[in-house]
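Dear colleague,

Please find the structure we discussed below, together with its sequence. My notes on it follow directly after.

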Amino acid sequence: NSENQEVRSLAARLTGGLHIGAQRPTDFENTQGWSAYLHNLRGEPDIENGRRVFVSPRLGACSSCHRADGLGSPAGPDLTHIRQATDANYILTSLLQPNLNVAPQWETFVITTTDGQTRIGFQLAELGGTHTYADLTGQTFEIKIDDIVKRDILPTSIMPQGLVTKLTDEELRDLVAFLASKL
């Protein structure tokens, strides 16, 4: 029953594992299959649990780069109003395939500086002779424009693909419900 499933899921999470259904899709490009699978889970989506997944550094860790409802980091796109711009399947697709729709302002750069250091991040600002970037962890850093030897755009999102594999079925469903509830 659903109580046993919840207990197994919690026990798995506490011991470092995940409780994932055997029928969970494995193809990240199959948004329709994932959507149907999540829709058919027992119980109703829990928006408050989705909020916990969003802010938890051990679960979704979304808030290390994103904001929603004033929670999280301004380093990446603010997701507070994502529901107004799109539908839940777009949100799910973005979680499954973060490289599919990277907006120009969130393109990832590989920057090599005069001291031989290479950094990866997306540009947040340019002020005077300095660029401000956010790295893969959401931490910001500055580089003087004169110190940049090479700067290339990566064809991928700074958000790694496969983050959904860190979540249980219910956590993923609830995260999508939380993000879709942003009105």
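The notes below cover the basis of the values, then the salt bridges, then the sheet.

This is a predicted model, in which local features need pLDDT of at least 70, side-chain atom pairs count only at pLDDT 80 or more, and totals for chains, interfaces and linings use all residues. Residues are numbered from 1 along each chain as its sequence is written, and side-chain values use heavy atoms, with hydrogens and water left out.

Salt bridges

A salt bridge is taken here as a side-chain nitrogen of Lys or Arg within 4 Å of a carboxyl oxygen of Asp or Glu. By this rule, five salt bridges are counted.

One of them joins Arg24 to Asp169, with 3.0 Å between the closest N and O atoms. This pair links distant parts of the chain, 145 residues apart: Arg24 sits in the loop between helix H1 (2-14) and helix H2 (31-39), while Asp169 belongs to helix H6 (residues 169-180). Helices (H or I, at least four residues) and strands (E, at least two) are DSSP runs, numbered from the N terminus. Both Arg24 and Asp169 are buried, where buried means under 20% relative accessible area, exposed over 50%, and partly exposed in between (1.4 Å probe, protein chains only).

Asp69 and Arg51 form another salt bridge, their closest N and O atoms also being 3.0 Å apart. Asp69 lies in the loop between strand S1 (67-68) and strand S2 (71-72) and Arg51 in helix H3 (residues 47-55), so this pair ties together parts that are 18 residues apart in sequence. Asp69 is partly exposed, at 39% relative accessible area, and Arg51 is partly exposed as well, at 22%.

A further salt bridge brings together the side chains of Lys150 and Asp152, at 3.5 Å from N to O. Lys150 is partly exposed at 47% relative accessibility, as is Asp152 at 35%. Through shared partners, salt bridges join Glu48, Arg51 and Asp69 into one network.

The sheet

Five strands form an open sheet in the order S6-S5-S4-S3-S7, with antiparallel pairing; two strands pair if DSSP finds at least two bridges between them. Strand S6 (140-144) and strand S7 (148-154) are the edge strands, each pairing on one side only. On average, neighbouring strands of this sheet are turned by 45° against each other, direction ignored; axes are lines fitted to C-alpha atoms, for helices over the stretch in contact, and angles run from 0 to 180 degrees between N-to-C directions.

Within the sheet, strand S4 (residues 118-127) and strand S5 (residues 130-134) run antiparallel and are joined by five bridges. Phe122 has Ala134 in S5 as its bridge partner.

With kind regards
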